[in-house]
Structures are given as C-alpha cells and as structure tokens.
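I opened a new notebook page for this structure. My plan was to look up one spot at a time and write down what I found.

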Amino acid sequence: MPSSTQSLRHLVRLTDLSQEEIEGILETSVKIRQEGTTTALSGRTLGLLFFRGSLRTRASFEAAVGQLGGHPIDLNATSDFWDLEDREGGVMDGAAPEHVRDAATVLSRYVDLLAIRPSLSGTSWGTDRKDSMIQSWAAHAEVPVINMESALWHPLQALADLMTLREHFGALSGRKLTIVWTHSPTAASPSVVNSLLQATVRSGMQVRLAHPAGYELDSQVLEETNELATKSGGSYEVSNELPEAVDGAEVVYARSWWSTEDYENPTLAASRRARHTDWMVDPALLKRGDHAHLMHAMPVRRNLEVTDEVLDGPESLVYQQAENRLHSQKALLMHILRGAS
Ligand code: CP
C-alpha cells in the first residue's frame, strides 16, 4: 500500500511520517494549545474537498488554517462537484466528465495544499480498500495532499488520539488500550481503528482489539501492525470476548465499524449487527479496566454505543479528543508546508 509515487510529502496514512516527525508534531501541538497560534500559514491557500460529510474534520481544518493566518477554500465537493475518474488510460465514456489527473493538476496551480475526504463506492470492499481515489490525488497533485479519511486510513484522527493519550500518560510505551467494537446502525469505515491500532502499537502500547467474530480488520493492515510491533516493542491481540477484553485496560476506545464480509449487502449487515446489541460501553464495562478512560472519535450514538453516564462522566476524553483535532492539525500543517516550501 504505497502512499505516493512522488517525492512530495503527502499524508495518506500516519506511517507516511517517521516516528521522530510524529513526536515533533505532537510537541508542537501541545505548545500551540498552551501558547496560542502563530501566523505560520500567512499567504497560504489550502483547498478542502469533502466528497463525504463531516463535522469535526471540516470545522477543525478550516479553523486551523484560518487561525494560522492562511485561507481555506472549501470546494463543496459533495454538492458542487461532478464524478471524477481515477482509472488510468481508459476511455472516459462513463459518468465522470473529468479525471483526477486534471483536477489535481489544475487545483495545484491555485492552492498550496489539498486536503481530501474521498467518497467510497460502498459496493465492493475489494475495490474500496485500494483507496484508489486518494492515491490518485497524491500521484497527480503538485502540492502536498492530506487524507481526511479514506476507506482504510484516518491519519488526522490518529494524530489527535496520540496527542490526547500523551496528555494523559506522557510516555505511551507499555500503556494498555482496549479498542471495543460497538453496535451502531450507521455503517462506518474501519479507517479510524486501522490508524489508531497502528499508531498506538508503533508507540509501544499494549493494544487489545475486541470485536465480535465477523468484524475482523483487513488482513494486510494486521500484518503491517505485526511488523510495527516487532520494531516498537508494542503488541496487539484480538479478542471476541466482552467484558473480559476490558480487564486491566487504562483506556477503552469505542468505535463501530462495518464487517467487510457483508460490505455489499446492507440486509445481511443489519442482521449480523443485530446479534451484537450488547456491545456497548456502560459504567460496568468501564469499571473492568484499571481506572479506565473512555475515548471515541465521534460521531457517537448515545446509549447505543456508549451510555450517557460514561460519555458525560469524569473518565470521558471525547471532547478533549475532538478539540485536539484543531491543535494537532495546526502542527501538522506547519510541518508539511515547511517541508513543501
Ligand atoms: N472523527 C471525525 O472525523 O469526525 P467527522 O466525520 O465529523 O469529521
């Protein structure tokens, strides 16, 4: 899964950054949070293309650029754009009137960076897992490209999650995290969990991934995570048992994701999900941990994924996580655009 064929610094996934770069960005994030902003992006224009909806990513990214003195342009990609072709060399006689190659090249003449949340077909996991749209933007853009959540990766969320974890624990090596699949009728990509799993294992954490059978993560993502664990001293294990998987956890990260086994079939997906309505984080589950905190990337379905008592309780870090999107994205933009100038 290479991120780019170019020497430009794109961020398709968090492992596109070295661990040293991530450490530096996280240190800058904390400094920005404590000391306020700079005008580091003065005179810079950044293009935002959301081909799917967003609350946190859109607002925090626009705010980050504006507060750093830059100018964000949201191209309203969900409503004001047409389909784009990403296959190379074909006859464009389908729905798409423009190729990513041309859109990316033209936009690169107007802006200093492109941030993109690509759409998913929703019809074939084999196709969507290739992340071909974000890869195509990265291959053709002449400015840095940031992935704002594709089928496989959500690097911006993982960066904010690392910042939040470090604010609580300092060094992360050896800390215990359990990622808990939660029941939700809203199909969600495993991108948040893929990025979180790799980021935390790479930081030396001991991660338990708890989900019902049938919700296994992408096998290539897991193979890569094994390699990261070997290098970092971190670890991960998979459990199909709740509540046992939370025993001893210092952080419980709740997240719903779809089963790739019935990706193409909403009826089968709903029927599989309905067998697991007990996969929810409530006070009793959180108490199985070691004074465990709760994390969730949001949006969260209250009293379905996580109870009000836990979400609004003293152990919840969810708003801090959401706030940290702003600080960590500022630090990331400064890092990437410094490299691009
Ligand atoms: N966590 C996250 O990316 O939220 P949005 O989908 O609202 O951007």
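This is a predicted model: local features need pLDDT of at least 70, side-chain atom pairs count only at pLDDT 80 or more; totals for chains, interfaces and linings use all residues.

**Entry: Met-298.** Is Met-298 buried or exposed? I read a relative accessibility of 17%. The cut-off for buried is under 20%, so Met-298 counts as buried. I then placed Met-298 in the loop between strand 11 and helix 12. Met-298 has a positive phi of about 65°, although it is not a glycine. I also checked the bond that follows. Met-298 and Pro-299 are joined by a cis peptide bond, with omega at about 5°. Pro-299 sits in the loop between strand 11 (293–295) and helix 12 (308–311).

Entry: I noted who else surrounds the ligand. The list includes Ser-54, Leu-55, Arg-56 and Thr-57. His-154, Gln-157 and Arg-325 are also among the surrounding residues. The ligand takes up the space of the second largest pocket.

Entry: I looked for another cis peptide bond and found one between Leu-242 and Pro-243. Omega is about 15° there. Pro-243 belongs to the loop between strand 9 (235–239) and strand 10 (251–255). I looked for another positive phi too. His-291 has one, at about 50°, and is not a glycine. Where is His-291? I found His-291 in the loop between helix 11 (283–287) and strand 11. His-291 has a relative accessible area of 68%. Exposed means over 50%, so His-291 is exposed.

**Entry: helix 6.** Next I turned to a helix. How many of the nine residues of helix 6 are buried? Seven are, so helix 6 (residues 132–140) is largely enclosed by the rest of the structure. I wrote down the buried ones: Met-133, Ile-134, Gln-135, Ser-136, Trp-137, Ala-138 and His-140. Then I looked up what covers these buried residues. The cover includes strand 1 (45–50), strand 3 (84–85) and strand 4 (98–99). It also includes helix 4 (100–108), strand 5 (113–117) and strand 6 (145–147).

**Entry: His-183.** I moved on to His-183, in the loop between strand 7 (176–181) and helix 8 (191–202). His-183 is at 10% relative accessibility and therefore counts as buried. What does His-183 touch, not counting residues up to four places away in sequence? I listed Ser-256, Arg-273, Ala-274, His-276, Thr-277, Trp-279, Leu-304 and Glu-305. I looked again at Arg-273. Its backbone oxygen lies 3.2 Å from a polar atom of the His-183 side chain.

**Entry: Arg-87.** I found Arg-87 in the loop between strand 3 and strand 4. Its relative accessible area is 59%, so Arg-87 is exposed. The Arg-87 side chain makes a polar contact with the side chain of Glu-85, at 2.8 Å. I also took a distance to Arg-101, 14 residues apart from Arg-87 along the chain. Their C-alpha atoms are separated by 9.7 Å.

**Entry: helix 13.** His-327 lies in helix 13. At 8% relative accessibility, His-327 counts as buried. Leaving aside its neighbours within four places in sequence, I found His-327 in contact with Ser-29, Ile-32, Arg-33 and Met-163. From His-327 to Glu-227, 100 residues apart along the chain, the C-alpha atoms are separated by 30 Å. Ala-340 is also in helix 13 (residues 318–340). Ala-340 counts as partly exposed, at 37% relative accessibility. I compared Ala-340 with His-99, 241 residues apart in sequence. C-alpha to C-alpha, Ala-340 and His-99 are 25 Å apart in space.

Terms used
Residues are numbered from 1 along each chain as its sequence is written. Side-chain values use heavy atoms; hydrogens and water are left out. Buried means under 20% relative accessible area, exposed over 50%, partly exposed in between (1.4 Å probe, protein chains only). Helices (H or I, at least four residues) and strands (E, at least two) are DSSP runs, numbered from the N terminus. Contact means heavy atoms within 4.5 Å. A polar contact is a pair of N or O atoms within 3.5 Å; within protein, one must be able to donate a hydrogen and the other to accept it, and residues adjacent in sequence count only if both atoms are side-chain atoms. A residue is near a molecule or strand if one of its heavy atoms lies within 4 Å of it. On a 1 Å grid over the protein atoms alone, a cavity is a set of points where a 1.4 Å probe fits but cannot get out, and a pocket is an open set with protein on both sides within 12 Å along at least five of seven lines; lining residues have an atom within 4 Å of a point. A molecule sits in a cavity or pocket if more than half of its atoms lie within 2 Å of its grid points.
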